[in-house]
Amino acid sequence: RMNRTPAETRAMLELSRREMAMAMGVHRETWAKWERDERQPDRAAVKLMELLCLLHQHNINVNELEKKK
């Protein structure tokens with residue numbers, strides 16, 4: 001069970017759909033289907049969304065993590 005919808009999560013993180021899909025390791029269309037409620041993310045994806053939100057709450061920028069690779 002998710003605390004936030006995928007769309008709410010993405011809005012909180014201030015990411016584009018493309019950036020969010022990349023952060024989640026899924027195809028853009030998969031992310032779009034989650035946002036449109038056409039498919040549901042699995043447990044691992046839900047946990048990752050929760051972790052990304054937690055990082056954001058502690059001012060850890062997801063985009064900066066991606067740039068450091």
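This is a predicted model: local features need pLDDT of at least 70, side-chain atom pairs count only at pLDDT 80 or more; totals for chains, interfaces and linings use all residues.

Residues are numbered from 1 along each chain as its sequence is written, and side-chain values use heavy atoms, with hydrogens and water left out.

The protein has five helices and zero strands, helices being DSSP runs of H or I of at least four residues and strands runs of E of at least two, both numbered from the N terminus. Read along the sequence, the pattern is therefore α-α-α-α-α. If we take the contacts between residues at least 6 apart in sequence, 55% of them join residues at least 24 apart, and contact here means heavy atoms within 4.5 Å.

Let me begin with helix 1, which covers residues 6-13. Which residues of helix 1 are buried? They are Pro6, Thr9, Arg10 and Leu13, and, seen down the axis of helix 1, they fall within an arc of 95°, so they line one face of the helix; the arc is that of the directions from the helix axis to the C-beta atoms.

Arg10 is buried, with a relative accessible area of 15%, and, leaving aside neighbours within four places in sequence, Arg10 is in contact with Leu15, Ser16, Arg17, Met20, Trp31 and Glu35. Leu13 counts as buried at 7% relative accessibility, and, not counting residues up to four places away in sequence, Leu13 touches Met20, Leu52, Cys53 and His56. The C-alpha atoms of Leu13 and Gln57 are separated by 9.2 Å, although the two residues are 44 residues apart along the chain.

Leu13 also brings us to the largest nonpolar core, which has eleven residues in all: Leu13, Leu15, Met20, Ala21, Met24, Trp31, Trp34, Ala45, Val46, Met49 and Leu52. By a nonpolar core I mean a set of buried Ala, Val, Leu, Ile, Met, Phe, Trp, Tyr and Cys residues joined through side-chain atoms within 4.5 Å. Helix 2 (17-24), helix 3 (28-35) and helix 4 (43-57) each supply at least two residues of this core, and the largest share, four residues, comes from helix 4. In soluble globular proteins, nonpolar side chains tend to be buried together.

Where do helix 2 and helix 4 meet? Met20, Ala23 and Met24 in helix 2 meet Ala45, Leu48, Met49 and Leu52 in helix 4. The axes of these two helices come within 10 Å and cross at roughly 115°, the axes being lines fitted to C-alpha atoms over the stretch in contact, with angles running from 0 to 180 degrees between N-to-C directions. Helix 2 and helix 4 are therefore roughly perpendicular to each other, since angles under 35 degrees count as roughly parallel, over 145 as roughly antiparallel, 65 to 115 as roughly perpendicular and the rest as oblique. Met24, again not counting residues up to four places away in sequence, touches Trp31, Trp34, Ala45, Leu48, Met49 and Leu52.

Helix 3 has Thr30, Trp31, Ala32, Trp34 and Glu35 as buried residues, and the buried residues of helix 3 pack against helix 1, helix 2 and helix 4.

I will finish with two loop residues. Glu14 lies in the loop between helix 1 and helix 2 and is exposed, with a relative accessible area of 66%; its phi is near 55°, a positive value in a residue other than glycine. Asp37 lies in the loop between helix 3 and helix 4 and is exposed at 55% relative accessible area, and phi of Asp37 is near 60°, again positive in a residue other than glycine.

Note on methods: Buried means under 20% relative accessible area, exposed over 50%, partly exposed in between (1.4 Å probe, protein chains only).
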